[in-house]
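Here are my notes on the model you sent. Please read them with the structure open.

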Amino acid sequence: MDPRILQEFRAITDDRGLITSPEQLKTYECDGLTNFRVVPDAVLLPTSTEQVQAIVRVCHRAGIPFVARGSGTGLSGGALPVKSGVVISTARMNRILEVDLPNARVVVEPGVINSEVTERVAPLGFFYAPDPSSQSVCSIGGNVAENAGGAHCLKYGFTTTHVLGLEVVLPDGSLAHLGDKTLDAPGYDLTGVFVGSEGTLGIATKIILRIVKRPECIHTLLAAFGSTIEAGAAVSDIIGAGMLPAAIEMMDNLAIQAAEAAVHANYPNCGGLLLVELDGPIAEVEALMREVDAICRRCGAKEIKVAQTDAERALVWKGRKAAFAAVGRISPNYIVQDGVIPRTALPRLMNEIERLGVEAGIRVANVFHAGDGNLHPLVLYDRRIEGQEHAAEVLANRILELCIEAGGSITGEHGVGEEKKMMMSKMYAEPDLETMQRVRCAFDPKQLANPTKVFPRPRLCGEVPGKYEPHPLEVAGIAERF
Amino acid sequence: MTPLPSATGTQPGTAGVWDELRTIGSSEQWRDAGPEDTVAGMQPRMVFEPENEIELAAALRCADSGRLSVIPRGSGSKDAWGNPPVQADLILSTARLNRIIEHAWADLTVSVEAGCPFSTLQNLLAQHGQRIAVDPLWPEQATVGGILSTNDSGTLRIRYGALRDLIIGVTIALPDGTLASSGGKVVKNVAGYDLPKLVTGALGTLGVITRAVFRLHPLPHNVRSFTFVTRDAADANRLVLAAQDSKLAHTGLQVRFNSGARPEVDIRFDGTDAGLVAQTETLRKLAPPATEAQANDDVWHGRQHLFGAATPTAQDSQPAAIAKFSVLPASIASTCERLHNLAEPLNVHWSAVVQGTGLGWIRLGPANANAIQQLLQTLRSQLEAAEESFVVQYRSPGMPEIEAWGDPGDALPLMLSVKQQLDPKKTLNPGRFVGGI
């Protein structure tokens, strides 16, 4: 990198805020998805919005691509550096700026850790609802970029549900305030567009969050079934009975074994484990829990346990949240997949995944947010066995194709990033992607903010899009969009 | 046939465009626009009702290349919202795009065309004990596309969120004829940009919504409402905050104000019998000094009553206006006290329905038009100074013009840039949205 540019960067941050030594830069070469690695030219650690603006202005002037990074826990390569680019880390922007309880708002800087928000407001009876499994280390800025989910989105929604407003540094270094502490600010819902845009539209420097009152009680039920198919039937019946649990999670036998080996969560050893959490007023939850219990028994549950204390409940969740990492105990290497299907396609997909696994000689452990059809198949392999890594990748991709064929999505919460950008053309038609690219051009005409991510190929912002021609099948009324 | 008088910018030489347009669809889908088709005083020239989204996109592209302006319309129930268009040539009606494409009841989703009336949709969903958890104005007339474009939300929002939180997929037609989809039919999906949110509340200025997919919620089994007469605005605000700060799981919470009268707080629960009994007990402990009054489910239509004569079919004979404001929940009382203090010396009668979310609707008048105008302007400047917002949604005939939206803040250049990318010729609803968009 041009030493004069580095000099400029150093003047903006200070020595602590600029990393250029090769060994330190290596720390930033990847995020939670480690099979892609690019060493950035420099890493910047600004401490204020003004510093972020100044850095981005330099990048804009000199045409240097930049990638914003929170804690680097993302699983799709969203924070993977771009060649000849810089990484802008928000790690030093980690203050909770404002806590407004009567209005249930919290204003934070992007480097604040997800669970710190809940820790700060918990003594006052509130919590911050989005709870990705990495919540003890991931940052709110990263959550905003990825529209992070978690186990409780079934009832409480995603990051986008809880972000009311943003201060963002646009890719030309200018500042814009999207949304507000109040609802329905006049104009386009650019907050809604920015959340989940994976760092391609700018850098959030302040985030207005909505916090939620902690319910009167939380009850967590564990039900052991012979198979995930039986457990899946119970999920359908629970939803069909008109209930909206806070969470419904499912694990298959392989995932249970892994979680047990790692955290001894006292899970029953069974073919399909269901975890159902209800929250709300005590009388309401108790009445509904009896219904859930009856449904599970009717669907063949062999054993039902209810977490009685906060400690028991914490242990149940610890096992679930540790499941990805725990798989490392039963396999040297694994791919964490993230796909979504309409919930009713679950039994069919489970059978298909099992069949494909047997065919390829590869084990797949399944952990999923069963309530909303978000699957996390963990494809297990051993890199030392020739051809197995490739076979695992093929299988992981095939699972995504099955999700698309079932009318679902290639990602429910991990993002597209670098990993799945080629899959985007399988999920969306060219005009769909073209329209999203136009929105990108509105924010970032020079394509400097996390370029090369999300979309299968770059598009110059001056390009005039081709005229829309309806697909012949569409004209014939054979195929429908979606 | 005699061409109707037109206040549009239709220039000589556009006849060819109209001829080309009329080759799309069949002749019974086209008609001359009449007085009932005026948009905020502007007389468009033609109305087209496409049979499908491909016809809609083709007409839009043709109008765009011929420099005609296009007004997308559902039932027209909220046609008066926003600023008057600077030009209005073609009304693109979604009246025939009214199919319910798929109710995947076991997956709790529905895919529907934009022109479907909201109650038609809800009635179908109710057969499986489900609903879209939103209660918009005039559900019998209002269409899915219109409700989305105006971001109309009611009393259920405090529990279920706004339309942005319920829409999971959308297809839009862009002025260049592109039909683009985003999102899909699963609730959890982070692939690509969230265009459903971008077009929700965009007043049809970026593209025409042709279909949408929503997540559904189960219909409640038991519903119970309560009304409390409070001492004053401060007491009403206290009760709202106390309910929000409690362990109650209400699905509606609002305050109704009527000039100087004592404000009333309404709260609604649903759930099991046991749950309702317990919540009732908790609520009654929170309420005093407010006193319980006879409950009446009709209070939840309070916002629609506010529009009163200003329904799609009737007009006020006296000057009146309706505005939507957005403040923080803790500022409900101070906002309404501010309004009261401004209204009293001007002798303007006012009433308001304010949700526990801080979103409120006020009706001013009947009163002197200038007094109402002055009140609207003063209140807007006071609220905007406090970073709150104020949108004028309705003016009766006889009221002078007033900017509908107020100040969009420093994101306006970005909004203009998004508009430029998707509708560079300003074909769609020109001038009706914020900042002249």
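1. Two residues are in contact if their C-beta atoms, placed from the backbone, lie within 7 Å. The contact draws on 81 residues from chain A and 79 residues from chain B. On the side of chain B that touches chain A, helix H13 (residues 412-422) of chain B gives the largest share, six residues. Helices (H or I, at least four residues) and strands (E, at least two) are DSSP runs, numbered from the N terminus.

2. This is a predicted model: local features need pLDDT of at least 70, side-chain atom pairs count only at pLDDT 80 or more, and totals for chains, interfaces and linings use all residues. Residues are numbered from 1 along each chain as its sequence is written, and chains are lettered from A and ligands numbered from 1 in the order in which they are written.

3. Chain B holds 13 helices and 19 strands. Its C-alpha trace spans about 70 × 55 × 40 Å along the principal axes. Among contacts in chain B between residues at least 6 apart in sequence, 70% join residues at least 24 apart.

4. One open sheet of chain B has four strands, in the order S1-S2-S4-S3, with mixed pairing. Two strands pair if DSSP finds at least two bridges between them. Strand S1 (30-32) and strand S3 (70-73) of chain B each have a single partner strand, so one side of each lacks a neighbour in the sheet.

5. S1(B) and strand S2 (residues 46-48) of chain B run antiparallel, joined by three bridges. Here B:Asp32 stands opposite B:Met46 in S2(B).
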